[in-house]
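The following paragraphs lead through side-chain contacts of one protein model. Please keep the sequence and the structure in view while reading.

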Amino acid sequence: MNVRIRERQLGNALTRRNPVGWLLATGAVAIVAIALATTMAVDSFRARALASSQRELENTLLLLSRHFQQDFSDLKRTEEDLAAFLQSGGIVSAEHFRERMSGPEAHRLLKAKMSTTGTGSINVLDADGHLIGWSTSWPAPVFNFADRTYFQRAKAAPPEADDEIVEPILSRTTGTRKTLFARRLSASNGDFLGVVTRGIEPAQFEAFFASISLGTGTTLALWHQDFTLLARYPQLIEMVGHKAKPDALLAHMKASPEPATMISVSPVDGRERLSSIRRISGFPMALVASVPIDSALADWRAQTRLTITAAALAALLVVGLLSLIIRQVRLQHRASRAQLTLEKQRLDTAVNNMTQGLILFDAESRVVVVNQSYLDMYRLSAGAVRPGSLFRDAVAVRHANGSLKGDIDAYCSQMTLAVDSSTAITADTLDGRVIQILPRSIAGGGWVATHEDITERHHAEDRIAHLAHYDALTDLPNRTLFRNLLDQELTRLPRDRNCAVIYIDMDEFKGINDSLGHPVGDALLQAVAQRLRGCVSSPGVVARLGGDEFAIVQTDLGDRDETVALVARIHEAIREPFECLGHRLLTDASIGIALAPQDGTDIDQLLRNADLAMYGAKADGRRTYRFFEPRMDASIQARRTLEQELREAIADGSFVAGGFEVHYQPLLRLADDAVSGCEALLRWRHPVRGMISPAEFIPIAEEIGVVDEIGEWVLATACAEAANWPDDIKIAVNVSPIQFRSQSLALKVSAALAQSGLCPQRLELEITEAVLIRDDEAALDILHRLRALGVRIALDDFGTGYSSLSYLQRFPFDKIKIDRCFVTDIAEIDGSPAIVQAVVNIAASRNMTTTAEGVETEAQKQLLRALGCTEIQGWLFSPAKPAAEVRALMAHHRANAVAA
């Protein structure tokens, strides 16, 4: 234990080595990181501020350049229009031009052109430079501009020249500085006629500059390409009209037509500015927008101050946190030493109070730690296993006191392999306990093993495994184990011997269970299981498959007589009376037998054949046995085929296409021999088998759950057919018990009546007593709902089942049908006329009519008339016929009655 604690202390010391130095280094790195991040952020903010100002300047210049380019283009078009006007007027000489342009008509023309452009006055100079036309007033003042540079350039230009001359000047007419736009005027023959000019004062440019909202210190200026300042906002009167020493920005204007942005020192105010320049396309001018660097970076400086302040606070926070952490580390360091001793005590307490035994070995297989649970588990004294003892010595101590069963060396080898693979092993003690040992190797060599007493768990697992394969009530093998055992017996069956698989089903067991209770039933099953064990010789197997079904596998049988003898012993054992919880019980069984190999060698086939044989015994009256015969399988296969064909016949909902037909058997009223109604009877015309009886396919339809669908179709078909009959003839439709249990029966009947238009009083629903037995309260509720619709209710097969006269009292049926079993022998000496008479009397007393079924002779008919029966039905009058034939029969019968 001391070795382990020293190792732990050493590890803690390594992890705590110079923690303060590491914290200080971490703090310094954090402060440097804050400083670097702050510097990068400040640089990024500055670049963003300059980029934002640059975008603003460039967007402003783009707007201004488009505006001025439009205005200057309007000036150019005005001059071109004037030149076109002169040429259209046929002016071909300077004298004619001077005469034409100095008159009042020319003044009005110039004035009109000035109003369309709205900027500056229009002047017209003749070939000698005299002002002959002025848009401001008429006559024009006397001025000569022949000495002006623009006039001389226009006069010297070739006739075909179309260039716009732009020049800053000092106006002689107004005394103000202007930007002059001039164009040569030529006659159609190319002779120089004069010059048209238009001047724009700086104030007009500056007024538009002022409308542009810009930041503090931002300037807008219009420069001529000869570096003359044409206009500026804010105004700088002393510089307008004068040339400036070009800086890099202005030099770019002359060097390249592309816009540019740069930081330069302004030639106007000498301040460092962020400036952007853009040429006005088609004119020797450029727009310049600039903002002082101080103004562009004003927000950046405020943001920088905030960022630096935040960084300083973060650095102070880091320093403060480091101070607190270092102080806390030092306090914890002092407390850890005190805690170390306490942890040692707690570890010793925890190890010694484990429910599992624990023993720790070092790399040399010597004991390091052993807890008290280990000593107690193996009943060892306190000093029996000491730290430092070898592993084999510790095992020898256990072997000596009887807590280890087996060889010492074998156990040690087994443990070594378990440590290498980290797998659990179990060891048995001499006193019957089971110990589970889980070894695990540890870092640095050695291993630790936990020992746990799993005796109770082991026994519980055995019990669970037993319950998984044995029946809890009888302790016989269950179905799963039975299959496994049968498989084993089949694999070792000699060629000349047989193996019998016997299925046993207790007869009348349900009645015992229901009448005497489940405890008595369970006691009977236990007693039967005990007797069956006595009937089977080794290696035979008796199993309980569930409920009251048992199965036996008996091998090593010779001929069939040996199997019959075994079955006789089984029947004899079961038929002996049982004493169960104070009750003397008699029972019997139906037994099915399949023999291997003649009835099959496959397990599933044998079990299935035995099951078929057992059901054959039950079908033959119970209390007997049957060997499997191939015809049993053929019967089942035939039934399944019929089931599949039935499903296919109604799969698409077209019953007629499936071969179903509704035939109708007339009912003859005995009072006047008139047809009073017909009973709808279902027929199935199979494409291969021909006509199939309802007694054959209706039970299958009920079992597979399609009888409700079939019955609904029969009801709708019969109602639709009866709607075409005379109004005094009723239609009777049978309702199966499954249909009757449906809560929607009344709705379906109502729908059939509504769809066909049949009067409800002409519909008669026939039910059997079977619908009333299971839940007569619910059945009576459904009957009342049907009666509320107006339909008639007939009780069919009265007297053949569990008849109860209370049904007739609790629900007033409209009709009672007398079964053919009472009619067949009614005319014989020992017949049943008294029974028929009783039924007729009961019906008459309850205001019900009666119909006798199966009437085939005239004597039966006359006797039934004498007994007071209302109607007859049978082959004496007519069998069931298709709809067309029964309509013809009714018409013929009615015609004969009228003729009589």
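Burial is classed by relative accessible area: a residue is buried under 20%, exposed over 50%, and partly exposed in between, with a 1.4 Å probe and protein chains only. The model is a predicted one, in which local features need pLDDT of at least 70 and side-chain atom pairs count only at pLDDT 80 or more, while totals for chains, interfaces and linings use all residues. Residues are numbered from 1 along each chain as its sequence is written, and side-chain values use heavy atoms, with hydrogens and water left out.

Salt bridges come first. The term denotes a side-chain nitrogen of Lys or Arg within 4 Å of a carboxyl oxygen of Asp or Glu. Across the whole structure, 31 salt bridges are found. One of them joins Asp727 to Arg762, at 3.9 Å from N to O. This pair connects distant parts of the chain, 35 residues apart: Asp727 belongs to the loop between α21 (707–722) and β26 (730–734), and Arg762 to the loop between α23 (745–756) and β27 (763–768). Such elements are DSSP runs numbered from the N terminus, helices being H or I of at least four residues and strands E of at least two.

A second bridge is formed by Lys861 and Asp673, with an N to O distance of 3.4 Å. Because Lys861 lies in helix α29 (residues 858–867) and Asp673 in the loop between β23 (660–669) and β24 (674–686), the pair ties together parts that are 188 residues apart in sequence. Lys861 counts as buried at 9% relative accessibility, and Asp673 counts as partly exposed at 28%. Another salt bridge is that between Arg366 and Glu364, at 3.9 Å from N to O. Here Arg366 is partly exposed, with a relative accessible area of 33%, and Glu364 is exposed, with 58%. Salt bridges with shared partners also join Glu679, Glu766, Lys817 and Glu853 into one network.

Which buried residue has no salt bridge although Lys618 is its nearest side chain of opposite charge? It is Asp548, and Lys618 is 6.4 Å away; in this count Lys and Arg are positive, Asp and Glu are negative, and His and the chain ends are not counted. Asp548 is located in the loop between β17 (541–546) and β18 (549–557). Apart from its neighbours within four places in sequence, Asp548 contacts Ile504, Asp505, Met506, Phe509 and Leu525, where contact means heavy atoms within 4.5 Å.

Attention now turns to the aromatic side chains. A pair of aromatic rings is described by the distance of the centres and the angle of the planes. Rings of Phe, Tyr and Trp (its six-membered ring) pair if their centres lie within 6.5 Å, and the planes count as stacked under 30 degrees apart, edge-to-face over 60 and tilted for the rest. By this rule there are 14 aromatic pairs. Among them is the edge-to-face pair of Phe181 and Phe283, with 6.4 Å between the centres and 80° between the planes. The pair bridges distant parts of the chain, 102 residues apart, with Phe181 in strand β4 (residues 177–186) and Phe283 in the loop between β9 (272–279) and β10 (285–292). Phe181 is buried, at a relative accessible area of 0%, and Phe283 is buried as well, at 6%. Elsewhere, Phe655, Phe660, Trp684, Phe697 and Trp713 make up one aromatic cluster.

Trp684, a member of that cluster, is also touched by Gly690, as is Arg685, when residues up to four places away in sequence are not counted. Gly690 lies in strand β25 (residues 690–692) and is partly exposed, with a relative accessible area of 25%. Its C-alpha atom is separated by 9.6 Å from that of Gly659, 31 residues apart along the chain.

Charged groups also sit over rings, a term that requires NZ of Lys or CZ of Arg within 6 Å of the ring centre and within 35 degrees of the ring normal. The charged end of Arg560 lies over the ring of Phe627, 3.7 Å from its centre. Arg46 is placed over the face of Trp300, at 5.9 Å from the ring centre.

Finally, the search for disulfides, pairs of cysteine sulfur atoms within 2.5 Å, finds 0 in the whole structure. Cys580 is thus in no disulfide, and the nearest cysteine sulfur, that of Cys535, is 16 Å away. Cys580 is buried, with a relative accessible area of 3%, and Cys412 is buried, with 12%.
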